[in-house]
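Dear colleague,

I am handing over the structure below, together with a short account of what was found in it. Please read the notes alongside the coordinates.

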Amino acid sequence: MNKNSMFYWYPKVSTLDIPQPSTNLVPMTKDEIEKLIEGWRVESSLIDRIKRTVEKYPVFVRTDLFSAKHMWEKTCYIEDESCIENNIFRLLDAADRIDTTLIDKGFAVREFIEMNNVFRLRDWCNMPVNRERRLMVKNDEVLKHFPYWY
């Protein structure tokens, strides 16, 4: 399994006693992923499975490897049920433009946490920018940490 996949690493951190958004993983079979990539059609059964995991809108949706957050309101940010299908299609289109392997196991549907945004990037479909820290970890050891978006 790809170690960058949320299906690999999220179960390892999901039980930690740290604040984190509610997250539901929506697994797909290899056959479903191949059909999705080859056929350029988002099956209604996938949309229904994603919808069933939503506890409350808005949500943040991504593949296990990619979010296309730089196209925020058109891809990963799902304001309400009416935009799920179009946003999922655009997210997959963005992934395909980069690399068709940007989906490995399925999708993650995450609670959207409203924050005190530093600003929004209008050219990136109003993507909110917040103060973040990135941690680089290998073999359970933090190798580096640094500010992101400062």
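**What was found**

The chain, which is a predicted model, contains four helices and eight strands, and when it is read along the sequence these follow the pattern α-β-α-α-β-β-α-β-β-β-β-β.

As to overall dimensions, the C-alpha trace spans about 40 × 35 × 30 Å along its principal axes. The radius of gyration of the chain is 16 Å, which agrees with the value near 15 Å that a compact globule of 150 residues would have. Of the 150 residues, 36% are buried, and among the contacts with a separation of 6 or more, 58% are between residues 24 or more positions apart.

Turning to the strands, four of them form an open sheet in the order S1-S4-S2-S3, with antiparallel pairing. Strand S1 (23-27) and strand S3 (77-78) stand at the edges and have a single partner strand each, so one side of each is left without a neighbour in the sheet. The partner of S3 is strand S2 (residues 59-63), which runs antiparallel to S3 and is joined to it by two bridges; Val59 of S2 has Ile78 in S3 as its bridge partner.

Methods:
Residues numbered from 1 in each chain as written. Predicted model: local features only at pLDDT ≥ 70, side-chain atom pairs only at ≥ 80, totals over all residues. Heavy atoms only, no water. Rg over C-alpha atoms; globule rule 2.2 N^0.38 Å. Buried < 20%, exposed > 50% of the residue type's maximum accessible area, 1.4 Å probe, protein only. Contact = heavy atoms within 4.5 Å. Pairing = 2+ DSSP bridges.
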